Amino acid sequence: MKKLLERIKGLLLSVPQDKLLHFIAGGVIASFFAIVTGATAEYCVLFSAIAGCIKEAVDEWKKPGAWSYADLLATILGGLVIQIEVWIA
C-alpha cells in the first residue's frame, strides 16, 4: 500500500502545477453548476469546456500565441471527473 501511495504521489508531483490548477478549476466550475443550478450531468463538463475556451481566448488576446490545448484539456478533464461523479450519484 505504501508503494502505491508513493507512486501516486510521484505521478502527481510530475504534473506541472499550472495543469493541476486548470484541472481543479474545471472541477470547481462543474461542481458549481451541478450543485447550485442543478444542471444535468451532460452540462457539467460543457460548462467547464466553455470556461476553459474563454480562459484560453483571453490568454490568446493578451499574448498572441499563448493558446494552450493542454490547459484546455486539463480544464475539461476536471469537469469530466465531476460529470462522472454526478452520473454515479
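Colleague: Which residues are linked in a network of salt bridges?

Modeller: A salt bridge is a side-chain nitrogen of Lys or Arg within 4 Å of a carboxyl oxygen of Asp or Glu. In this structure, Asp18, Lys19 and Asp71 are linked in such a network. Before going further, please note that this is a predicted model, in which local features need pLDDT of at least 70 and side-chain atom pairs count only at pLDDT 80 or more, whereas totals for chains, interfaces and linings use all residues. Residues are numbered from 1 along each chain as its sequence is written, and side-chain values use heavy atoms, with hydrogens and water left out.

Colleague: What are the N to O distances of the salt bridges that Lys19 makes with Asp18 and with Asp71?

Modeller: The side chains of Asp18 and Lys19 meet at 3.3 Å, N to O, and those of Lys19 and Asp71 at 2.6 Å. The latter pair joins distant parts of the chain, since Lys19 lies in helix H2 and Asp71 in helix H4, 52 residues apart. A helix here is a DSSP run of H or I with at least four residues, a strand is a run of E with at least two, and both are numbered from the N terminus.

Colleague: Is Asp71 buried or exposed?

Modeller: Buried means under 20% relative accessible area, exposed means over 50%, and partly exposed lies in between, with a 1.4 Å probe and protein chains only. Asp71 has 7% relative accessibility and therefore counts as buried. Lys19, at 23%, is partly exposed, and Asp18, at 36%, is also partly exposed. Of the 89 residues of the protein, 26% count as buried.

Colleague: How many salt bridges are there by this rule?

Modeller: The count comes to three. One of them joins Asp59 and Lys55, whose closest N and O atoms are 2.8 Å apart. Both residues lie in helix H3 (residues 41-62), four residues apart, which is about one turn of the helix. Asp59 is buried at 18% relative accessibility, while Lys55 is partly exposed at 39%.

Colleague: Which residues does Lys19 touch, not counting those up to four places away in sequence?

Modeller: Contact means heavy atoms within 4.5 Å. Lys19 touches Ser68, Ala70, Asp71 and Ala74 on that basis.

Colleague: At what angle do the axes of helix H2 and helix H4 cross?

Modeller: Axes are lines fitted to C-alpha atoms, for helices over the stretch in contact, and angles run from 0 to 180 degrees between N-to-C directions. The axes of H2 (residues 17-35) and H4 (residues 69-88) come within 7 Å and cross at roughly 40°. Angles under 35 degrees count as roughly parallel, over 145 as roughly antiparallel, 65 to 115 as roughly perpendicular and the rest as oblique. H2 and H4 are therefore oblique to each other. Among the residues making the contact are Lys19, Phe23 and Ala30 of H2, and Asp71, Leu77 and Val81 of H4.

Colleague: How many helices and strands does the protein have?

Modeller: The secondary structure comes to four helices and zero strands, and the pattern along the sequence is α-α-α-α. The C-alpha trace spans about 45 × 35 × 15 Å along its principal axes. Among contacts with a separation of 6 or more, 61% are between residues 24 or more positions apart.
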